[in-house]
Amino acid sequence: MNTEETPEPDLRQAFAQENQESIKNRLKSAIDQDKHIAIGSEYSPEELEGFKPTAPASGVSHRQQASLSPKWWQRWFKPTQIVPKVVADRLVQINGRRQLENLNTEQSTKIAANKPILEIFEEAKRRLLILGEPGSGKTTELLKLATALGEAALNNTNQPIPVIFELSAWRGEPMLAWMRDEIVARYGLSPQICEKWLTGDKIVPLLDGLDELGRYNDGIKEAILAINALQEHYSQQQAGLVICCRVRDYQNVKDEENCRIRLKGVEQAVKLCELTDGQIQDYLTNRNVSHLWVELRSHPGLMALAHSPMLLNLMPITYPDKLPPDWPQDREDCQKRLFDDFVNRKLYPQKMAIAQPLERYDREQARYYLAWLAASMGREDINKREFLIEELQPKWLETKQQFQQYRLIVGLIVGLIVGLIVGLIGGLIVGLDTDINSSIYLTESLDLSWQNIRRALSSGLYYSLIVGLIGGLIGGLIGGLIGGLIGGLKTDLKVKTYPNQGIWETGIKSLLTMGLAAPLCPLIFIIPNWATGQQVNILEAVLPGILFGVVLGYWSGGGDAFTRHFSLRWVLYRHGRIPLNYAGFLTEASEAGLLKQSGGRYRFYHDKLREHLASTIELKPEPFTDKNPEKWYSKSFFGFSIQNIGLLLSLALLLTTATSILKFNQDSVTAMSPVIQSADRIWFDRLTYPRWRSPDRYQVITFSTQDLRTQFPYELASRRIIALPWEKLEIRQGQLFLNGKLFKDDRLTLPPDFTQSPLTLGIDEYYVIGDNPNYDNLQTFGVVVPRDNITGQLMLRIYPFDRLGVIP
């Protein structure tokens, strides 16, 4: 189904379901789900007492089953799977402390551990601020609220849909426009419907990561002012709104007069408190690592870390037996050591009978892959908390050498494909002129269900008729059919449910368009010749038609974006930034617990871990642009660049040219020799001639022989004009008289025995003759041709190449 055709209630329900699934996938891999510390593949069955694995298949022993596949508990607890309730109920719990702060009076009250966040949100008049230190569980609290709101929206269409926005991606735009564009980019909805839902309180914005803007020139301050401007605007004001931020970052935002800047209309805040010593001791004891509690008491730096649920969770995983020697005392040094040891344990796990995640990668190289990703995500011009492989862009390249290699690869591939039609040299010029700084936009998702295919066929036929009537019958029918089919197959929502999804869907769409265009485009060469009575050579029409269809399908189906994406990944791979199978590596890193995977999206275990890994390498991206960044053809008119307009016009001209090349019949070759020969291929202007350009003397034309006074052997013929409307003409023994006077011209040589009785041409009549004085059929050597019969003027001989030139 298509967003323009789907009823809004159905579209809203589909969006609510997809959005809720996305939120649940993130919550599955959250640090603290229902106050249970997340579990991973390092847990053994003994630690999950009371839960029994499914019996092996008949005839297969447990030992054989273990040798064929991962341990059962590793299959159960991959990051993309939810923890079974029977297991979760037996896990160690951390009942974190929450406080409700009145932002006007600055009074705090304790929140009951079992009080749902949704109830708190409703009591706060649906506008809430969530505060906490790094690792305290702010995002998890937000996800729980989003889940509850999402369930309400699914059960009641009058309830708004919660949508999580990553403020780290905000770059100073008006807040409403930015939220609209984020939904469009993530879900593929139309901008109009997104803005309508945002202004109509059909969506609850949940803004995560306000503190992520703190490193960039008053980013938090500017974001708060943008949110306040949104809430002060009557038509844009959001009835529900939630913002997450670190405590200190929010409290330290001040204006030029050193006064605190607050979020207007937000009066309540949930503050997530640090763990108490008693909670830490109970948790470690229940996790059967009580030795860590003893050692923590003698390491104040490590004890300070343990007050964070996220960092406390890492300790039993990283040090199941004992702390290593020479432990630092400073808190920051302790955190670095903990992260380093955690990563080492994941990269160098204990030897087991089955393969471990990341085992097939060189450990140091795997560490560098992760560090490079973390550092690149933190770059000021990128700044992302969530990574999607499809969102790799040329700006992720770092050096001029990488940029140049990327341009060369794209230029060669695009040049070779375009060169199928315009020639290799011309294709390479097009390819190498690629703007390397331009973003890569993958095409929309396709719904290939039978129901949607049937609807797409009817859509394609409809648009083919419309475009055919406007843009020319043959080319319009074919272009409209292809465009209508592809447009009809687009889905309402493009949610990435697995890695590389957008890339492969773009590749499939490109192949689909090429598959549609390749068999249809030969008709562009066949039908005009057949309709005008020319001889049709199927073999000569099929090859150029297929080549043209391949290029047209490649370009219109997203093949260019597909090529540029994999060219970019190849350059990054060759420079050691990413592995060849990037999706496989990231998925294994998620299974190892270093990343969290939600559909096709990846996050680091925590932003603090990402920041730590980023600090282990130094990126020095070199700014690189084209020598002439303000190229004249990059200017836009009505949303289209001159370059794109030129490309469309070139394709239109190419299409017109391809359908306007004549192969001549024997009568025309004999009558017009030596100007026309049997091997000639001549382009003739049938677009402007004779519609807007009036025929003139000496021009060589092609015309239809139907309804003429003289019988011709073929339906088309070519001759030269010698007399114009209203002129009086007579030919006596090969001598031409116009308007009663002898007409002499060295360019004209008539057969000596050719005669034409006196006649006066009408208002739209022309007299034409052949160029060959030895032409033996004098009855068809000269003839009167009405303007309506003229089909075009012969302009340029394009083949054979040794006779290339203008028709005299």
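With which residue does Asp381 form a salt bridge, and how far apart are the closest N and O atoms?

Mentor: Asp381 forms a salt bridge with Arg379, and their closest N and O atoms are 2.8 Å apart. The model is predicted, with local features needing pLDDT of at least 70, side-chain atom pairs counting only at 80 or more, and totals for chains, interfaces and linings using all residues. Residues are numbered from 1 along each chain as its sequence is written, and side-chain values use heavy atoms, without hydrogens or water. The mean pLDDT (the predictor's confidence in each residue, from 0 to 100) of the protein chain is 78, and 73% of its residues reach 70 or more.

A salt bridge places a side-chain nitrogen of Lys or Arg within 4 Å of a carboxyl oxygen of Asp or Glu. Arg379 counts as buried (under 20% relative accessible area; exposed is over 50%, partly exposed in between; 1.4 Å probe, protein chains only) because its relative accessible area is 11%. Asp381 is partly exposed because its value is 37%.

The structure holds 41 salt bridges. One of them joins Lys620 and Glu618, at 3.9 Å from N to O; Lys620 and Glu618 are both exposed. Another joins Arg720 and Asp771 at 2.6 Å, N to O. This pair links distant parts of the chain, 51 residues apart: Arg720 lies in strand E18 (residues 716-723), whereas Asp771 lies in the loop between strand E23 (765-769) and strand E24 (782-786). Strands (E, at least two residues), like helices (H or I, at least four), are DSSP runs numbered from the N terminus. Arg720 and Asp771 are both buried.
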